[in-house]
Amino acid sequence: MQVIPAIDLRDGACVQLVGGSYADERVRVPNPQAVADNWARFGFGRIHLVDLDAATGRGSNREIVTTILRGVATKSLSRAAVEVGGGDGLELVRQQYLKVQCGGVRDLDSIAELLAAGASQVVLGTRAIEDRAWLEDAVFRYPNRIIVAADSKGGQLVTRGWSATDSQNVIDFIDELSPLPLAAILVTAVEREGRMEGPDLTLMRELALRSRSPLQASGGVRSIDDLRALAELGVSAAVVGMALYTGVLDPQTILEEFPE
């Protein structure tokens, strides 16, 4: 299983919210690029980068997203050059190289722009849930490059920055995604997000049995034991935010057990 640090962007900063509430911000780091570089130096192979302002219609952090992706693309080219040429710099370059899955997107042009800028995958949420025809168009244009975010609160899908509850439950929705060539499905247990009370293992167990796409989990992770439990269920990746930013989880300890 891969452990993926989250970088959530709000007003130009990297933040961590509790339950997705803008009124309950617990962490704020003013330089998101430095945060991305820091996770790369630790040795993480991927980050989860979300523009919260774009996702909720409050604004945009596209320039920051593009800057981070540009840095990733530059390091990728450096890595390729070192691998071709050999030499002692290979390990250093590997430690600086990241893949980035980007969220906060609601139109096809933005998907194309992010992929062209260097995103490895694009995460689609609200519109993917509310507009099946649009989702299918996006997925078949970019097979295995789209991650669908199925955010869940009490087993029901939530959309629009977690402010609206959809009529569909998350299990039925995941069943409906089965025919699509997705890169992954990301399920966030909204009621546990940022609270470090443990992931929703009951829900993830059910979804791991049903999903034909790789399953990513988010929300509530607080310990190595939580990560082990998710791995045992067959979850392919865990997106972790608050526990990393507050020091509850140690990056080196994570990577010793879940190396990239």
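This is a predicted model: local features need pLDDT of at least 70, side-chain atom pairs count only at pLDDT 80 or more; totals for chains, interfaces and linings use all residues.

Q: Why is the pair of Trp 39 and Phe 44 called edge-to-face?
A: The ring centres of Trp 39 and Phe 44 are 5.8 Å apart and the planes stand at 90°, so the pair is edge-to-face.

Q: Why is the pair of Trp 39 and Tyr 245 edge-to-face?
A: Here the centres lie 5.6 Å apart and the planes of Trp 39 and Tyr 245 make 85°, so this pair is edge-to-face. The pair links distant parts of the chain, 206 residues apart, with Trp 39 in helix H1 (residues 32–42) and Tyr 245 in helix H11 (residues 242–245); helices (H or I, at least four residues) and strands (E, at least two) are DSSP runs, numbered from the N terminus. Trp 39, Phe 42, Phe 44 and Tyr 245 form one aromatic cluster.

Q: How do you know whether Trp 39, Phe 44 and Tyr 245 are buried or exposed?
A: Buried means under 20% relative accessible area, exposed over 50% and partly exposed in between (1.4 Å probe, protein chains only). Trp 39 has 4% and is therefore buried, Phe 44 has 1% and is likewise buried, and Tyr 245, at 18%, also counts as buried.

Q: What makes Arg 58 a charge over the ring of Tyr 22?
A: A charge sits over a ring if NZ of Lys or CZ of Arg is within 6 Å of the ring centre and within 35 degrees of the ring normal. The charged end of Arg 58 sits over the ring of Tyr 22, 3.8 Å from its centre.

Q: Why is Asp 11 called exposed, and where is it found?
A: Asp 11 has a relative accessibility of 56%, and therefore counts as exposed; it is found in the loop between E1 and strand E2 (13–17). Its phi is near 50°, a positive value in a residue other than glycine, whereas most residues other than glycine have a negative phi.

Q: Why is Met 196 called partly exposed?
A: Met 196 has a relative accessible area of 25%, so it is partly exposed. This residue is found in the loop between strand E10 (184–189) and H9, and its phi is positive, about 50°, although it is not a glycine.

Q: What makes a set of residues a nonpolar core, and how many residues has the largest?
A: A nonpolar core is a set of buried Ala, Val, Leu, Ile, Met, Phe, Trp, Tyr and Cys residues joined through side-chain atoms within 4.5 Å. The largest has 66 residues, and those with the most contacts inside it include Ile 7, Val 187 and Leu 227. A second, separate core of 10 residues includes Ile 4, Ala 6, Val 123 and Val 239.

Technical notes:
Residues are numbered from 1 along each chain as its sequence is written. Side-chain values use heavy atoms; hydrogens and water are left out. Rings of Phe, Tyr and Trp (its six-membered ring) pair if their centres lie within 6.5 Å; planes under 30 degrees apart count as stacked, over 60 as edge-to-face and the rest as tilted.
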